[in-house]
Amino acid sequence: MPILERAGGMPEWKRRTTAQDMLVWTGWLAGVALAVACFQFISDRTIWAFVWDAPTQGADLVSRMFPPRWSYAEQLWKPLWDTINIATLGTLLAIVIGVPLAFLAAHNTTPSVLFVRPVVLFIIVASRSINSLIWALILVIILGPGVLAGILAIALRSIGFIAKLLYEAIEEIDPSQVEALRASGASNPQVLAWGMVPQVMPAFAGISVFRWDINIREATVLGLVGAGGIGMQLEASINTLAWPQVTMIFLLILGMVAVSEWLSARVRHAII
Amino acid sequence: MPENAPPLLAITGLTKRYATGDLALNEVSLAVPPGQVMALIGPSGAGKSTLIRCVNRLVEPTSGQVVLDGAELTTLGRAALRRARRRMGMIFQEYALVERLTVMENVLSGRLGYTGFWASWFRRFPRRDVEEAFRLLARVGLAHMADKRADALSGGQRQRVGIVRALMQDPALLLVDEPTASLDPKTSRQIMRLIVELCEERGLAAIINIHDVALAQEFARRIVGLRAGRIVFDGTPETLDAAALTAIYGEEDWSRTIRRIEAEDSVAEPVA
Amino acid sequence: MSATAFDAAAAARAWRPPPLISSPLLRYAVYLGALAYVVLGVATVEVNWARAAEGMGRAAGFLGGFFPPDFVSKGDDIFEGLMESLTMTVVSTALGIALSIPVALGASRNLAPLPIYLFCRGIIAVSRTFQEIIIAIVFVAMVGFGPLAGMLTLTFATVGFMAKLLAEDIEDIERAQAEAVRATGAGWFSWIAWSVLPQVKPRLIGLSAYRLDINFRESAVLGLVGAGGIGDTLNTAFDRYEFDTAAAVLLIIIAIVLVCEYTSGWIRRKVQ
């Protein structure tokens, strides 16, 4: 924020110099132009007649969705149980694999910055880049449809998530606590178990519960590609245009997500 | 203890140059006889902290020898170094307790060098270690706090736990790094008194890094002044006069600092 | 000293490391419950091993697709899908952020009256409960296949994500600063602009960069339900068992995610 000298000798205050002003406005203009151009691209690929019809379609959809078909719930308990299993077992598997990876990736615990760390980082990035639905798509082709593909898909996506957040937490621990143990003659595994593990425990618990919470949501859609869970019923109901059943499924998902959110808040509170 | 006994710790020509090129220690030679409590004073950045960390090799010295009880430390391999570290208890400025472990666990962590990994993982320490832990905690007045988490304690209490942890190692030498820098004046005096008393009870030698000249003069039998990585003063507290302080810290009006030593009851204030 | 009255041996005999859950009944109930769940969960996973064994050939085919990936023969489809994904990402991020600011203001209890607060919190809750894919299904049903449905989905998801985190931040702002601006007699809009906005701006920018990153990842799967983007291309490739094209698409996704991640990480470091 410059103070500009004016002819009269009085200083003048402005937020930015004129050049900065121009730069900021050009930046905004470019941003807006980019967004508009992008929208133009999307608009070219849109049949607008359908879109103008959307309110009618929407109203029609809603009218067909209500009332929900309550009796359908009986057939949904097993898929719901499967969905919870996919999320939970997938998260557990991801923890088992992701935690060692995190310690191999963190600067202060990795056995080799030159050889081990880059390999682990690549595994983490690959796991994180690919959405669990894509993992599921691949696994269904390989393993066939079913819950197992779902569990593995959730696990493969979550490994990178857990490992990345955990290794960042490991790198941020207080080194003096570690130094104190080292000074007492503790061995490396002891320093890890006594000095580092307690420090990253809250982060670990938070990350695991957070990921489990996300996975509950993700597990609801894996069935769309055949990887088990309530998404299979969703897919079937949509294909047969059985909208009251879809509403029932949505309600169950809503309930499950609410419960999972409450549970994860409780667990987080208890551990931290 | 006769002053001509063979030294417990003999440092010769110790030099440390950091990777940044800073020369932290320049040919330091120092001998500490058994049972001697020695204060190491000097301005910030004089190398006090580096010196005691070079003794237990938390910082690797560039050159020079460190001999503890007749054994050369600078050439030890990893396992031998860990055994040697058990003989040197360390007390830290910010306590460096593992905050999320209980007081008792922190105290027992002083025995890690004597305990196997799995035994320590399952918290299975020999009965006499636990007894010793309780005895020492009672000695510093914290026995009732054994199962409190370390982060629930006040600064003075934490430092007492830090002292007990160091004593659990059954050391011959205490390396004490600014034990009072994070404490208020009254607690500082209590902590210093406790360290000195415990050293007398157990016949321990100690090197105490300290900023507070008045505290150093009151509690130590010998004072070593460090400036820019060199020893510029080595004598009894009585011989530490204005000229010596000027040699260590540079020009300043030292009359008040020195007068304060004679005023026995006055509460010391941190100098730095 | 209390050491005489205190029986260290008895205390040591009685001492056990304090468990995480203090009530033994609850502790064993939790352990047992967890064990029972895992056993039951794993037991209900139905695996068609014959089908899985059969799939190993396809797994080999899929992995073979990476050596080398085929960027060329479906090059036009890949380019088209990529452009759709990128444009979707840009527009939905920009629009989502713009819309999330008023929603976030409305969802802050310290700014908004109760009815507005509840309404905005409702939007956030719906947006966060349902997985993007489910929202996309609804939008596809309303506006037809194509990137517009994807764009609307991501916009909706962005609003929920950004508004929730921003609202949390707004609720945490420094009261004193807000009061000071209000005390000058500023109107509501200038009050927001001068006291709230400066405090949440770094977080707003950081979250936006992060969300851009997430939106691209998500845009890669929306194609599975017909909402446009590179996921469409990927799905087609899998359907036709063109694993070399699928491999190319996956590599492109990983590459773009990497670029996004580094840029958003860089932006976040800049503003914090």
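Two residues count as in contact here if their C-beta atoms, placed from the backbone, lie within 7 Å. With that noted, I opened the model, which is a predicted one.

**Entry: one leucine**
I started at A:L166 and looked up its partners, leaving out residues up to four places away in sequence. A:L166 touches A:G98, A:V99 and A:A102, and also A:V200, A:A203, A:F204 and A:I207.

**Entry: the core around it**
Next I asked which residues touch the most other members of the largest nonpolar core. A:L166 is one of them, alongside A:A136, A:L139 and B:A206, in a core of 232 residues. I then checked which helix gives the most to this core, and found helix α7 of chain A, residues 147-171, with 17 residues. Both domain 1 (3-64) and domain 2 (73-271) of chain A supply at least three residues each.

**Entry: the domains**
I looked up the domain assignment of chain A, and it lists domain 1 as 3-64 and domain 2 as 73-271. Taken over C-alpha atoms, the centres of these two domains of chain A are 37 Å apart.

**Entry: a helix pair**
How do α4(A) and α10(A) pack? I found an angle of about 130° between helix α4 (residues 77-105) and helix α10 (residues 230-239) of chain A, with 7 Å between their axes. The two helices, α4(A) and α10(A), are therefore oblique to each other. On the α4(A) side I noted A:P79, A:L80 and A:T83, which meet A:I230, A:M232 and A:Q233 of α10(A). I sorted the residues of this contact by type and got four nonpolar, two polar and no charged.

Definitions and conventions
Residues are numbered from 1 along each chain as its sequence is written. Chains are lettered from A and ligands numbered from 1 in the order in which they are written. This is a predicted model: local features need pLDDT of at least 70, side-chain atom pairs count only at pLDDT 80 or more; totals for chains, interfaces and linings use all residues. A nonpolar core is a set of buried Ala, Val, Leu, Ile, Met, Phe, Trp, Tyr and Cys residues joined through C-beta atoms within 7 Å. A residue is buried if 20 or more other C-beta atoms lie within 10 Å of its own, exposed if 12 or fewer, and partly exposed in between; C-beta atoms are placed from the backbone. Helices (H or I, at least four residues) and strands (E, at least two) are DSSP runs, numbered from the N terminus. Domain bounds come from an automatic or database domain assignment. Axes are lines fitted to C-alpha atoms, for helices over the stretch in contact, and angles run from 0 to 180 degrees between N-to-C directions. Angles under 35 degrees count as roughly parallel, over 145 as roughly antiparallel, 65 to 115 as roughly perpendicular and the rest as oblique. Ala, Val, Leu, Ile, Met, Phe, Trp, Tyr, Cys and Pro count as nonpolar, Asp, Glu, Lys and Arg as charged, and the others, Gly among them, as polar.
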